[in-house]
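The following exercises concern the fold of one protein. Please examine the sequence and the structure before reading each solution.

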Amino acid sequence: MKNPFSLQGKTILVTGASSGIGRQTAIECSRMGASVVLSARNVERLQETYSQLEGEGHLILPADLLDTVQIESLVSSLPEVNGIVLCCGKGLTLPMQFATRDKFDDIFNINLFAPFELLRLIYKKKKIQKQGSIVTLASLGGTQIFSGRNGIYGASKAALNSVMMFCAKEFSSRRIRVNCICPGMVDTPLIHRGTVTEEQLQENEKLYPLGRYGKPEDIAYAAVYLLSDAASWITGQQLVLDGGISIK
Ligand SMILES: NC(=O)c1ccc[n+]([C@@H]2O[C@H](COP(=O)([O-])OP(=O)(O)OC[C@H]3O[C@@H](n4cnc5c(N)ncnc54)[C@H](OP(=O)(O)O)[C@@H]3O)[C@@H](O)[C@H]2O)c1
């Protein structure tokens with residue numbers, strides 16, 4: 001019996017696959033039957049992800065997405081895919097009075113321009129099949145102010161949401177769907193790397209109506225759904241996954 005939620009027979013590219021949400025998304029895609037192409041910069045950590053994949057036919061294509069030459073080489077080595085999950089990204093917590101142009105460039109380069117350039121080339125070179133699905137990791141911070149001092153990061157994700165909505169409209173001519181996932185705080189290395197202390201994180205987590213921050217699998221399961229045929233009538237959407245923090 002056909003299972004519309006299965007990814008059997010699909011090939012899925014996951015960027016940011018060396019850590020956090022991207023790693024878990026790659027693992028869950030493989031569990032649902034997909035062949036997965038893993039990309040990020042750190043080859044050792046990509047191999048750790050690879051070792052956790054189920055099934056066969058997976059591939060590692062390392063690339064620094066800040067380097068347009070490496071983006072081009074990733075696209076030329078890429079097999080035709082049915083789906084893409086764009087997870088590469090970087091956080092920043094900084095009061096707006098210190099938000100210089102350099103800081104904007106740093107965050108916008110990796111959160112907006114890098115995933116867009118990769119997607120643009122994949123689409124242009126027809127490396128994503130008709131009726132494919134693209135899932136982009138934006139953020140709740142790109143739709144509203146849910147935690148302080150995330151102005152630059154939030155702006156990059158708001159821009160990403162907007163760009164992806166235009167892609168959804170234009171790519172629909174090939175029946176390719178484009179959706180964004182907008183998570184609240186998810187427990188990955190990203191949230192422990194910044195200037196926010198562990199005590200501040202623990203206090204903040206208590207504000208979440210469902211009692212906890214997200215886990216990478218909370219996001220991965222939604223990505224799997226959006227990649228699957230079960231979501232074949234969904235495009236141009238921003239799916240908020242946030243343990244209820246936005247309705248608090
Ligand atoms: N965690 C959260 O609370 C949260 C909330 C909302 C949205 N998000 C978004 O979800 C996505 C995944 O975040 P995460 O929490 O899983 O973070 P993470 O664990 O820090 O993972 C970030 C990934 O991005 C890759 N990356 C960074 N710079 C890159 C570059 N120049 N070229 C290629 N890959 C690069 C990293 O791989 P390498 O270092 O190996 O290159 C890593 O695999 C991000 O877009 C983030 O903004 C996260």
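**Exercise 1.** In this predicted model, determine which residue of β5 stands opposite I84.

*Solution.* Step 1: I84 stands opposite I134 in β5. Step 2: the strands concerned are β4, residues 81-86, and β5, residues 128-137, which pair in the parallel sense. Step 3: five bridges make up this pairing. In general, strands of a sheet pair through backbone hydrogen bonds, either parallel or antiparallel.

**Exercise 2.** State in what order the strands form the open sheet, and identify the edge strands.

*Solution.* Step 1: seven strands form the open sheet, and their order is β3-β2-β1-β4-β5-β6-β7, with parallel pairing. Step 2: an edge strand here pairs on one side only, which applies to β3 (59-60) and β7 (238-241). Step 3: with regard to the whole protein, the secondary structure consists of eight helices and seven strands.

**Exercise 3.** Explain why the protein is described as being as compact as a globular protein of its length.

*Solution.* Step 1: the radius of gyration is 17 Å. Step 2: for 248 residues the globule rule gives 18 Å; the two values are close, and therefore the protein is as compact as a globular protein of that length. Step 3: the C-alpha atoms fill a box of roughly 50 × 40 × 35 Å along the principal axes.

**Exercise 4.** Determine what percentage of the residues count as buried.

*Solution.* Step 1: a residue is buried if its relative accessible area is under 20%. Step 2: by this criterion, 48% of the 248 residues count as buried. Step 3: the accessible surface comes to about 12400 Å², of which 52% belongs to carbon and sulfur atoms.

Note on methods. Residues are numbered from 1 along each chain as its sequence is written. This is a predicted model: local features need pLDDT of at least 70, side-chain atom pairs count only at pLDDT 80 or more; totals for chains, interfaces and linings use all residues. Side-chain values use heavy atoms; hydrogens and water are left out. Helices (H or I, at least four residues) and strands (E, at least two) are DSSP runs, numbered from the N terminus. The radius of gyration is taken over C-alpha atoms; the globule rule is 2.2 Å times the number of residues to the power 0.38. Buried means under 20% relative accessible area, exposed over 50%, partly exposed in between (1.4 Å probe, protein chains only). Accessible areas come from the Shrake-Rupley method with a 1.4 Å probe; for residues, only the protein chains shown count as cover. Two strands pair if DSSP finds at least two bridges between them.
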